Amino acid sequence: MDMTPNMTLSENVLLSIVLAPLAGAIVAGLFSKAIGRAGAHWVTILGVLTSFLLSLTVFKALVFDGAAKFDATVYTWLVSEGVKFEVGFLVDKLTVLMMTVVTFVSLMVHIYTIGYMADDEHNWDEKSLAGKNSYQRFFSYISLFTFSMLMLVMANNFMQLFFGWEAVGVVSYLLIGFWSTRETAIYANLKAFLVNRVGDFGFLLGIAAVLMSFNSLNYAEVFAAAPRMADATFQVFPGVDWSLLSVIGILLFVGAMGKSAQMPLHVWLPDSMEGPTPISALIHAATMVTAGIFMVARMSPIYELSETALSVVLVIGALTAFFTGLLGLVQHDIKRVVAYSTLSQLGYMTVALGASAYSAAIFHLMTHAFFKALLFLAAGSVIIAMHHEQDMRKMGGLKKYMPITYWTSLLGSLALIGFPGFSGFFSKDGIIEAVHHSHIAGSSLAYFSVTAGVFITALYSFRMFFLVFHGQERMDEHTRHHLHETPAVVTVPLMLLAIPSVILGFFTVGPVLFGDYFGDAIYVAAAHDGLAVMGEHFHGAFGFILHGMMGLPFWLASAGVFTAWFIYMKRPDIADVFQDKLSVVHRILENKYGFDDFNQKVFGDGSRGLGGLLWQVGDVKVIDGAAVNGSARLVGWFSTVVRHIQTGYLYHYAFAMIIGLLVLLSWVVVPGFVR
Amino acid sequence: MAFTDLVFYVFAAISVFAGVRVISSRNPVHSALYLVLAFFTTSALWLLLEAEFLAITLVLVYVGAVMVLFLFVVMMLDINLVSLREGFARYLPVGIAVGGIIVIEMIMVLSARYGDMPKPAPHPASYSNTEELGGVLYTVYVYPFEIAAVILLVAIVAAITLTLRRRPGTKHQDPAKQVAVKREDRVRLVKVPSEPRQ
Amino acid sequence: MTPDVAEFAPLAAEIFVLAMACFILVLDAYLPDTRRLIAFRLTQVTLLGAAVLTWMQYDTMIGTTDRMVLLGGTYVADTLSMVLKLAVYAVSAGVFLYSRDYLRDRGILKGEYFVLGLFGVLGMMVMISAHNMLSVYLGLELLSLSMYTMVAFQRQNGVASEAAMKYFVLGAIASGMLLYGISMIYGASGSLDLAAIGRYVAEHGAEDRILAFGVVFIVAGLAFKLGNAPFHMWVPDIYNGAPTSVTLFIGAAPKIAAFAMVMRVLVEGLGGLHADWTPMLIILAVGSLAVGNVIAIAQTNIKRMLAYSTISHMGFVVLGILAANKVGYSGAMFYAITYALTSAGGFGLLVLLSRAGFEAEKLDDLKGLNDRNPWLAFLMLLLMFSMAGVPPTVGFYAKLSVLQAVVSADMVWLAAVAVFFSIIGAFYYIRVVKVMYFDKPEDEAPIFAGFDAKAVLSVNGLAVLALGVYPSGLMAWCAKALG
């Protein structure tokens, strides 16, 4: 490796990476009529391609040429009492990994969208104005999303992080409700937005706590000062001392729970499948939902100083990984199965974070981004072929009609369940092992969850796989007649995504998981460093595979696949028997543990009731009635009275002037004279 | 008390009396004539101050020209005195009160400076007020003087603009047009087909 | 001391305007009615030429001297005069352009109108450059006389004639007060020269009460010109009665000249007496803010409403002056200039909305303007927001800078009063916006307006926004002029 430590990253290159998708979004969004459909997809794809290629050069510079990390301010927005609010970039190996993943997946999704949205006008009412330029608008949104996500990951300060955080939230809102004439889509995007508000509120409080205690928003400054704050406490309620860093860590994690859909703030993600499938792949599988994971990894210098916060992260992640996986078993909508699988996998990443295995979390994030994007796009491919039918009960036997989709789906599913040698295997096994080595509170629960989760993952993944591609053809005659493989713009991204899904783990497990890839980008306290212990036993990727073949997770995954085959292929009647015998369990799962009902009843109806009360009494009566209208009426009345002074008579006017003169004289001269 | 002081007080008293009569007189012609009286006495006061030019100008311009015009207007207009004087009694107390306060305040202020006002130096025998004025009018004050000229021009323009009116219906002859007229303007040859014999 | 001809050279702008006014007057007499536009075009050329000459005059001064006092101390040229004159030219040129079609539709597109307008501009220039009480007074009379005549210009219009009559009589009373005050100052100090008066006041200002006595009358006269309560009674009647194009003229540039007059007389001449005039100006300011903002609410005639709004804005200008510090003076100057701009835009829009046989002057005439012409509605929205002081329009910044000065002069209560009345005032500005955007149009007639007038109005409206976003340029000039 050629080491030239003096080499630095160019600010202009970094700016171009961020701004190219923004420029594409602006052109496609504001000039949609002028550039037409082809213009819109070309300009946005060009923007994202620029970003991706430049990200690759940055990746090369940082990883292979040994360039120093970039940490500098690009623009100072304002300075308030010594605190700077800036736009700045921190680009190290962690960041560049995210940048490359985000831009690559985004590029694939852009290309895929050309095929997916080709006949989008059928999804709109003919009279709908929003349907007129929906194609261009969609491209503008996804480019805007790419810009927001890059701003998020490249931030070197909390303000920009928050900007990116909120910006991806807004774009996600716009995209979930993209088909704005569908009531379910509107409901889903409102739900996503509101649930994220809860998380963002915690996040904002966390940033405020950082600002309050560190008096800075810059990462480097905060991280440098964090060790001195390790024992600091403060009181929210009088008499109760809380560790400052724990509070900050947990508050920031609340934000991550919203964005990365951890229990109990996970409820928005399944509903967000109302959005077009490319979005589900880009935002709700590969990139945006990983923002929380990335954020916690980025904040590792803070989390490492608080075991309490790590425990909270670990337990929440474990619960999410296990319970949301179970929900995937009872879904019929193909995209919802993938969505619950995403939830479960995000739980895995969170568990890794809690176990201080940040690099394992990021590693899983990376591999997951590829194979989950693949699975989503494959699901989308099926949906296109099925004429936008998403119910798996109406599919089956698609293997012979859609060979490419079939094979890429198989590869993606194998990666997902962690079949040895596939990229998911390395990352998932790494997490399970890391949890095994962790000793903080909740680690045994987490170990059980992630291990049992392997079986569940395999079960629901192959349940879906068999239901869609094998068995009886349950679709109607018309659909069957038109079944064929999707066009190249759809299948090429599938194939391109399949490659990293299979091989990426094999080549990167060494440096990323056990090597010093991340360097000082991630900080792990020696006491927590389970990965280091594992690293001592690591002897290359082949050894890891061999070791994995003998481990419990492999047998669990195999059992899961077999069970799925047995229940859904061999003896489909068993599924019904289970459903009858375990009707209570089934109902609980169908109701998704009652989270939605609870939220709807307590928070939804409760806040509406409270709002109605405040509106009727507080607003209408007190503020509008007495304060606003009352004072306005008073002034108005006074005004109509006073205007009668303006009589129109010349001598009244002249007299008023004389009176004015008299007042001035008496007010000023006489007192001045007496003095 | 010197003789000039006596003269001053006599003329000043007449001037104030005339001023009061201008506004209290029932007949507008009388008011105008009292105003003439006030101008005369004021010009006498200026003579006492050796401001002969101003004194003469005041009489010539105001008495000779402005007031004569004013009298013409007053006499030609049929002014309803009763309606003009309506409310005079009603407003009188307020007017007197306000005026009285202002007078008192003025006296308070001005009397304080009265004692220490220095007397101007006596002029030499060859002093001519007119010459002095002429000396500065076109030199030091040339700029205000020019502006004053512009104001007079604007006054002329304004007066003409507001009063000159061409009524559309008036009958008048324009000799130039009459001379310039051509045959084509007046005579039109019309070809009339001859009526067929019945 | 005989003035040298060379001493007149710096007055090139004044001489040019005067000569052109006379030229247009004579030329117009020989033009047929169909070619009246020549007078209009020559007027615009005159204003442009005057701007160039004024800039050249300033340009020759740069580096050698801050100010030139010429012609026996009756004329002064400095940065203040340059900035204010340029503002007067710009605003007047816009005003004439807006009025062109309006005048034509009403058959009063006459050369005299523009000649009188130019004489008015000349009067303002004299006021702005005055360095002697006589120049101040004569400039004021020149301006006033032109304006009286312009108000009465539409002779058949009874309301306009009544307005002109009121304006003339009240103006004469105010001039009398001003002259009386000047004579008192002259009697005490023995001079009409502002510099000499300034020196005398610095020495004897404290003990000589006759000066303060004179100041009362001068302030009364100035307050009339600015339109401050209780000397404001003429404003609504004249604004309402005059043809809208004349209201437009009266409401814009003369405010700049009135500000200049106040600065020259009160600050340059009688600055030593600010302890006396500050309390007087407080009365004027509070009275204007209260009367202007409160009574405006009850108006249904938009011209009348804007008249009351003018009163309240002049209250703000006075607020800046009474702070008696540099921040206040430059704030007041900024306020006066930007207000003239905003006012020109506001009345200009009314002029454009009027057409033959129809005067846009009722609030209802603006109903649904957004449906009829969204761009004009947007411009009006900008102008109204600026008057109400909504950021990021310039009105906000102008109010802010004046209030800062008042606060820095330790009169926080006064700033609070000003803000209180501004809030009341915001109501009627926003009502205009509400009427334009949320009411159904009663009048569906299309809006005819010349392209150039629309373009200038757009520039005018957008300038209100641009100056609000980047106020520093103009503010720097204001600070330099009063530095």
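In chain C, the residues C:F316, C:L319 and C:G320 of α13(C) meet C:K399, C:V402, C:A405 and C:V406 of α17(C), a contact meaning that C-beta atoms, placed from the backbone, lie within 7 Å. Sorted by class, this contact of α13(C) with α17(C) has five nonpolar, one polar and one charged residues; Ala, Val, Leu, Ile, Met, Phe, Trp, Tyr, Cys and Pro count as nonpolar, Asp, Glu, Lys and Arg as charged, and the others, Gly among them, as polar. The model is a predicted one, where local features need pLDDT of at least 70 and side-chain atom pairs count only at pLDDT 80 or more, while totals for chains, interfaces and linings use all residues. Residues are numbered from 1 along each chain as its sequence is written, with chains lettered from A and ligands numbered from 1 in the order in which they are written.

Helix α13 covers residues 302–322 of chain C and α17 covers residues 394–408, and the two pack at an angle of about 40° with their axes 8 Å apart. Helices here are DSSP runs (H or I, at least four residues), as are strands (E, at least two), numbered from the N terminus. Axes are lines fitted to C-alpha atoms, for helices over the stretch in contact, and angles run from 0 to 180 degrees between N-to-C directions. The pair α13(C) and α17(C) is therefore oblique, the label left over once angles under 35 degrees are called roughly parallel, over 145 roughly antiparallel and 65 to 115 roughly perpendicular.

Chain C as a whole has 20 helices and two strands.

Most residues other than glycine have a negative phi, and most peptide bonds are trans. C:A324, in the loop between α13 and α14 (326–353) of chain C, has a positive phi of about 55° and is partly exposed, with 18 other C-beta atoms within 10 Å.

Where chain A touches chain C, 25 residues come from chain A and 27 from chain C. The largest share of chain A's side, 16 residues, comes from α27(A).

Key:
Two residues are in contact if their C-beta atoms, placed from the backbone, lie within 7 Å. A residue is buried if 20 or more other C-beta atoms lie within 10 Å of its own, exposed if 12 or fewer, and partly exposed in between; C-beta atoms are placed from the backbone.
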